[in-house]
Protein chains: 2
Amino acid sequence: MAVKIKDVAKKAGVSVTTVSRVLNDGKYVSDELKEKVKKAIEELNYSPSFIARSLVLKKTNLLAVIVPNITASVNSIILSKIEETASKNNYNIIVCNMAENLDKQYKYLNIFKEMRVDGIIITNEKIDDKTRDFLESINIPIVFASAKPSNQKHIAIVVNNYQAAYDAAEYLTSLGHKRIAFIGGDRRDITSGQERYNGYRNALKNNKIPLVEEYVEFGNYSLQDGYSIMNKILKCKKLPTAVFAASDDMAVGAINCIKDNGLKVPDDISVIGFDGTAVVDIVRPRLTSMEQPIKEMGTMAVEMLIQKINKQQTLVNEVIVNHELVVRDSCKKV
Amino acid sequence: MAVKIKDVAKKAGVSVTTVSRVLNDGKYVSDELKEKVKKAIEELNYSPSFIARSLVLKKTNLLAVIVPNITASVNSIILSKIEETASKNNYNIIVCNMAENLDKQYKYLNIFKEMRVDGIIITNEKIDDKTRDFLESINIPIVFASAKPSNQKHIAIVVNNYQAAYDAAEYLTSLGHKRIAFIGGDRRDITSGQERYNGYRNALKNNKIPLVEEYVEFGNYSLQDGYSIMNKILKCKKLPTAVFAASDDMAVGAINCIKDNGLKVPDDISVIGFDGTAVVDIVRPRLTSMEQPIKEMGTMAVEMLIQKINKQQTLVNEVIVNHELVVRDSCKKV
DNA sequence: CTGAAAGCGCTTACAG
DNA sequence: CTGAAAGCGCTTACAG
C-alpha cells in the first residue's frame, strides 16, 4: 500500500497533476505521457486511494443501509437489490443490521454521518425521539424503503399497507369466512404494524363481521412468533376458519403450528400471508399472499436516492407501489 | 456538513490541536478547555470527518465482506453475525453480493483495495485465476469463512467438509439404506462442492454400496435446484430410498418435489440436509441435517481478522470447526 | 498539453 | 497543559 501518486509520477517522469489526469478524465494529456503513466501504474501495481480522493471531492460513493433484521427473507431480498443497483451505479454499500435495537440504529446513523456517506436507505420504521430529531437535522439524503415512520420529511417507498391488508381480509370474507384471526406485526411500525391492522379491522367491519379480541395478536414478523401466536389462537373455544398474517414468515409459522396440531390447511383453516417472499412457494400448501414488489422497491430506493444526491427531482415525497393478491393453495371457501 | 474542526477551535477559543485532543484520548487537556471545546462541539453540532481521520491514521475501520448470495439463508446468517461482531469491535462493514459473478467479485476486490479497507472476509470459494493472483499479491488481511479455495495463503475457517459429508452418508447407511442419491453443490467449490461429494462417495464405498451415476447430480445450493434435481432423480426406474443434499435449501427443495409427486418423507424416501439453517425447523417433516456452526464461524472470522489486522497471532492458517449431525424427522430406517 | 502550489479535514511529533 | 506546523494522498484552479 506504500505506493502513491507521487511514486508513479516520479517513475513516469511527469508531474503528479498529469498522473491524476490520466487516472480521471484523461483529458489534456498527450498520448505519449498517457502511455508512460499507464506503464508506471502497471509496474508499480498502483491503486489510488479512495479516501484521499473522497476528502478532496467531498464524495464517498458510499450508501448506507439500515435493515431491521438481515436474516428475515424480505430484508435480504431488498438488500440484495439495493446492493445490485448501487453497484451498477458505482456506489458501495455499508450495512447496519439494527437487530431491532433502536440504540444501535442511532449509533450507526451517527457513524454514517461521520463517514460522510452520500446517502442512506432505511427499511425499518421504528424510530425513537432522538433518532427522529437526528433525521430532521441531518442533511444527507435519505429514503425509506418498505417503511414509513410518522412525522419525518424523507422520501418513502411503500405499498398502501392499509388497502393491501383490507384487500387481503376482504378476500377471505369473499370466500365466506366469518371467523378470521389476525397475526399482526410490530405495533410500533406505522405501516406494517398499524396500517395492516386497520385494514383488517375495517374490512371486517364493512362486511359486518364482529372483531373477536382473542383472534388478534401481534408479533415481530418472524416464523417463531407466527407459530406461538397461532398456538395461542388454537386454544380459543371456537376456532377461526381463516388467519391473516402480516408477514409470510408468520403465515408459515401459523401453518406449521396448525399442522403440528393435527389440523389441515386449508381444509380446516385457511391462511393468507403478506410480502411475497420465497417461502410462499416453499411451504406446502403453497402460500396465498398479499404481495409487495419487494425487489422493485429496493431498486427504486437506490435510484431515487441517487437522484436526490445529484439534486435532481426532490419534489417526490412518497411513492406508492402496487400490492397484488397472489392466490396459491392455502385458502379455500368455507 | 460545513462545520469542521477549525470552526469549533475558533468558537472555543483554542487551537485545532486541543480540539483534536478532546475528540480523541482527552489527555493533556485541562478540564477548563475540555469543557469549552465540548460546549462548542455541542453548539455547532460538530461531527468529525471519518475520512480525513482515516487518511491520517491509515486506518478506515472498514471490513469488507464478499458473499456469494445474500438471499441464501446460510449467508444471511453468517453476514448478520459478521456485522454484529464487527460492530462490537468498532468496525463497519461493506458488503459485496457477488451473485455468483466472478467478474463482480474481482471488481469489488479492487474497490476494497482502493478503499483501503482494514480487512476482508470472503464466504465464497469460487475464484478465477486473476482473482487468485490478486489475493496472492494483496497485503490486506483476509479470512475465508465457511469456504476454502485451493492454492491460496489466507486463513480459512471451515468444517471438515469431507468428514461431515462422510458422516452424513454413513448415517443413512446405518439406517439400512442402500440406494442413496446425492444432490451436490457447485463442483467449482473445493470444500462445499468437491469434498462433500468425496465424503459421500467414500462412505458408500466403505459400506460396499455401489455408486449409481443417475443418483448423483450437482446444483447451486438453492431450493429451486434441489427441486429440479430431485425431479430428475425421481425419473429413475429404481428409486433411491434416501437422498443426501449438500445444503438444507436443496434438501427442502427435494422434500417438496417428493411430496408434489405423491410420495412421502421419510416413509418413501429419507432426506438429509447440510448446514443447519432456519429451514430445518420450518419444513415438515423437520429436516435432519449435518450442521455447521454457522454463527460461530461468522463471529470467529471477524475476531481472527481483527487479530490479524492488529498483527497478533498470524500463525494460524486454517481452523477446523466441528460439524454435528442433528437428527429430526426426515430420515427413517428402511 | 504540462506542472507548481494550494487545499480537502484531520492527527501528531515537536517545541515551549 | 497548549499550539504552530507538517503531513496523510489526492484534485484542481491557475499560470504558462
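Q: Why is strand β5 (residues 155-159) of chain A called largely enclosed by the rest of the structure?
A: Because 5 of its 5 residues are buried (under 20% relative accessible area; exposed is over 50%, partly exposed in between; 1.4 Å probe, protein chains only).

Q: What sort of model is this?
A: It is a predicted model, where local features need pLDDT of at least 70, side-chain atom pairs count only at pLDDT 80 or more, and totals for chains, interfaces and linings use all residues. Residues are numbered from 1 along each chain as its sequence is written, chains are lettered from A and ligands numbered from 1 in written order, and side-chain values use heavy atoms, without hydrogens and water.

Q: Back to β5(A). Which residues point which way?
A: Ile155(A), Ile157(A) and Val159(A) point one way, while Ala156(A) and Val158(A) point the other way. Both sets are buried.

Q: What does β5(A) pair with?
A: Strand β4 (residues 142-145) of chain A pairs with β5(A) in the parallel sense over 3 bridges. Strand β11 (residues 318-321) of chain A also pairs with β5(A) in the parallel sense, over 4 bridges. Pairing takes at least two DSSP bridges, and a strand is a DSSP run (E, at least two residues; for helices H or I, at least four), numbered from the N terminus.

Q: New strand. Is β6(A) mostly covered or uncovered?
A: Strand β6 (residues 180-184) of chain A is mostly covered, with 5 of its 5 residues buried. Ile180(A), Phe182(A) and Gly184(A) point one way from β6(A), and Ala181(A) and Ile183(A) point the other way.

Q: How many bridges join β6(A) to β8(A), and how many to β7(A)?
A: There are 4 bridges between β6(A) and strand β8 (residues 242-245) of chain A, and the two run parallel. For strand β7 (residues 216-218) of chain A there are 3 bridges to β6(A), again running parallel.

Q: And what stands opposite what?
A: Ala181(A) is opposite Val243(A) in β8(A). Ile183(A) is opposite Glu217(A) in β7(A).

Q: Switching to chain B: where is Ser87(B), and is it buried or exposed?
A: Ser87(B) is in helix α5 of chain B. Its relative accessibility is 9%, so Ser87(B) counts as buried.

Q: What does Ser87(B) touch?
A: Leaving aside neighbours within four places in sequence, Ser87(B) is in contact (heavy atoms within 4.5 Å) with Lys104(A), Lys107(A) and Tyr108(A).
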